[in-house]
Amino acid sequence: MTDVAATDIDRSGLDTKDQRRRAIIGSSVGTIIEWYDFTLYGLASALIFAPLFFPGAGTLAGTLGAFATFAVGFGARPVGGLIFAHFGDRIGRKTTLLTTLLMMGLATTLIGLLPTGESIGIWAPILLIVLRLFQGAGAGAEFAGAMTMASESAPTKNRAFVAGFPGSAVYVGMALATCCFALVSLMPSELFLAWGWRIPFVASIVIVAFALYFRLRVKETAAFKAAERKGEVTTAPLVEAVRTHWRILLPGMALFVFALPWVYVVQTYSLNYTTGTLSVDPTHALIGLVIAELLTIPVTLLCGRLADRIGRKPVLMAAAIFGVVFAFPMFWLFNTENSWLVGLSLILGLAVIQGGTIGVSAAMLAELFPTRMRWSGIAISREIPAALVGGTAPLVATALVAATGGSPWLVAVYLIVLSVIGIVGIRFLPETLHRGVEATELQH
């Protein structure tokens, strides 16, 4: 069958090669700021938010409090994700994505300007939570929208590869945030805690301006314009997605129940574990994490290319099986306290599991939902698991290690259980290789 986006090149001129390139860049730069913001917050939660915003609470209680504010953002993700998905499917991708970009970036910048607990007491964590809610609401819509825009702008033959660009942009944002945080952490400790930590947060506004420039140049996707012309835009896309595609939504959510906690255990909790419970040098841990994030970028694109050749399900299934196999070895490598082996563990935890899922899942879900509810379907599949098990993963991991007196074996079991849930979900998802984004319109 002919792809909707490809068909619309001849009919309306909306998706020229230049427009496709702009759509990919526009979706990717928004993803960079989303994950710059979220990674920055996660790093700060792991390393410095406890003494700054929960002074006097004690080490464990302060860490739990900091990770609880991290989890709060994920509670807001499905709310913001579903609200903005509704408008993204109703009024278009471009306008909605501009709104989410500004919401995320401004919230992150304001976090960098917040007074600490020593200055304003209980109001410090309260304001931190409020800004985290806005950050989470914007981010909850951003990536689902970016996945939608990139996938709709790609031809069927290489959709997973193209969807890998906003997927790999996740790790550009992560690496950028980690690099910025690592650099300011080299400051003398008293200066870093006094004001140095604020620099990466305030700098978010610069990245927002850069992303805004590219996103303003993107036109609406051809697939959405075609749906508008045909009168197929629905007034209640979320309701229709749940009513007509629940058999896709359930295994789709199971896929992200596996994929999302892994990234937050590796990205956020591992820093706290290796530098707090263990004695790994924080700078070495951050450098290892940056290298892992940078290597995940080409792996994501390579996995997308592979998924365009052999299918989406084999690549996703391999990543989930690796999650089962690698959970215990990851912590064994951490426990050596050898910086090189810790770095190797971080690389494998991110590059294999996230590289094998993030771009491939974007293409697959785009091919499973019709244009009129595509953003909504992706948001439901991704953001509800993000709230339930994604953002809470560092908090759960901290509690599990505390319950075992510093041993990580329960965390490994936790990751294995989630990976098995992912395997089951992937098993029940239909293969979508060679299915154009218009195939869902004809099937449902």
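Figure 1. Residues up to four places away in sequence aside, S270 touches V265, F334 and L346. The model shown here and in the other views is predicted. S270 sits in helix α13. Its relative accessible area is 2%, so S270 is buried. One of its partners, F334, returns in the view of the aromatic cluster, where F334 is grouped with Y269, Y273 and F331. Another partner, V265, returns in the packing of α13 on α19.

**Figure 2. Packing of helix α13 on helix α19.** Helix α13 spans residues 237–277, and helix α19 spans residues 393–403. Their axes lie 8 Å apart. The packing angle is about 40 degrees. The two helices are therefore oblique to each other. The crossing of α13 past α19 is right-handed. On the α13 side, the contact uses P261, Y264, V265, T268, Y269, Y273 and T277. On the α19 side, it uses A393, P394, A397, T398 and V401. Sorted by class, the contact of α13 with α19 holds nine nonpolar residues, three polar ones and no charged ones.

**Figure 3. A stacked aromatic pair, W262 and F326.** The whole structure contains 14 aromatic pairs. W262 and F326 make a stacked one. Their ring centres are 6.4 Å apart. The angle between the planes is 25 degrees. W262 belongs to helix α13 and F326 to helix α15 (residues 312–335), so the pair ties together parts 64 residues apart in sequence. Both W262 and F326 are buried.

Figure 4. Y273 lies in helix α13 and F334 in helix α15, so the pair links parts that are 61 residues apart in sequence. Y273 and F334 are both buried. Together with Y269 and F331, they form one aromatic cluster. Y269 and Y273 are also among the α13 residues in the contact with α19.

**Figure 5. Helix α2 against helix α5.** The axes of α2 and helix α5 (residues 93–111) come within 10 Å. They cross at roughly 30 degrees. Helices α2 and α5 are therefore roughly parallel to each other. Their crossing is left-handed. From α2, the residues that meet α5 are G30, I33, E34, D37 and Y41. From α5, they are L101, M104, G105, T108 and I111. The contact of α2 with α5 divides into five nonpolar, three polar and two charged residues.

Figure 6. E34 is part of helix α2 (residues 17–47). Its relative accessibility is 0%, so E34 counts as buried. Beyond its neighbours within four places in sequence, E34 is in contact with R77, M104, A139, E142 and F143. One of these, M104, belongs to the α5 side of the α2 contact. E34 and A169 are 135 residues apart in sequence. Their C-alpha atoms are 9.6 Å apart in space.

**Figure 7. T148 and its contacts.** T148 lies in helix α7 (residues 123–152). T148 counts as buried because its relative accessibility is 0%. With neighbours within four places in sequence left aside, T148 is in contact with R93, R374, W375 and I378.

**Figure 8. E240 in helix α13.** E240 is found in helix α13. E240 has a relative accessible area of 13%, so E240 is buried. Its contacts, leaving aside neighbours within four places in sequence, are T234, H245, R372 and M373. E240 and G121 are 119 residues apart along the chain. Their C-alpha atoms are separated by 46 Å.

**Figure 9. Positive phi at E337.** E337 is a residue other than glycine with a positive phi, near 60 degrees. E337 is placed in the loop between α15 and α16 (339–352). Its relative accessibility is 36%, so E337 counts as partly exposed.

Definitions and conventions. Residues numbered from 1 in each chain as written. Predicted model: local features only at pLDDT ≥ 70, side-chain atom pairs only at ≥ 80, totals over all residues. Heavy atoms only, no water. Axes fitted to C-alpha atoms, helices over the stretch in contact; angles between N-to-C directions. Helix = DSSP H or I, 4+ residues; strand = E, 2+ residues; numbered from the N terminus. Parallel < 35°, antiparallel > 145°, perpendicular 65-115°, else oblique. Left-handed = near helix turned anticlockwise from the far one by under 90°. Contact = heavy atoms within 4.5 Å. Nonpolar A, V, L, I, M, F, W, Y, C, P; charged D, E, K, R; others polar. Phe/Tyr/Trp six-rings, centres within 6.5 Å; stacked < 30°, edge-to-face > 60°. Buried < 20%, exposed > 50% of the residue type's maximum accessible area, 1.4 Å probe, protein only.
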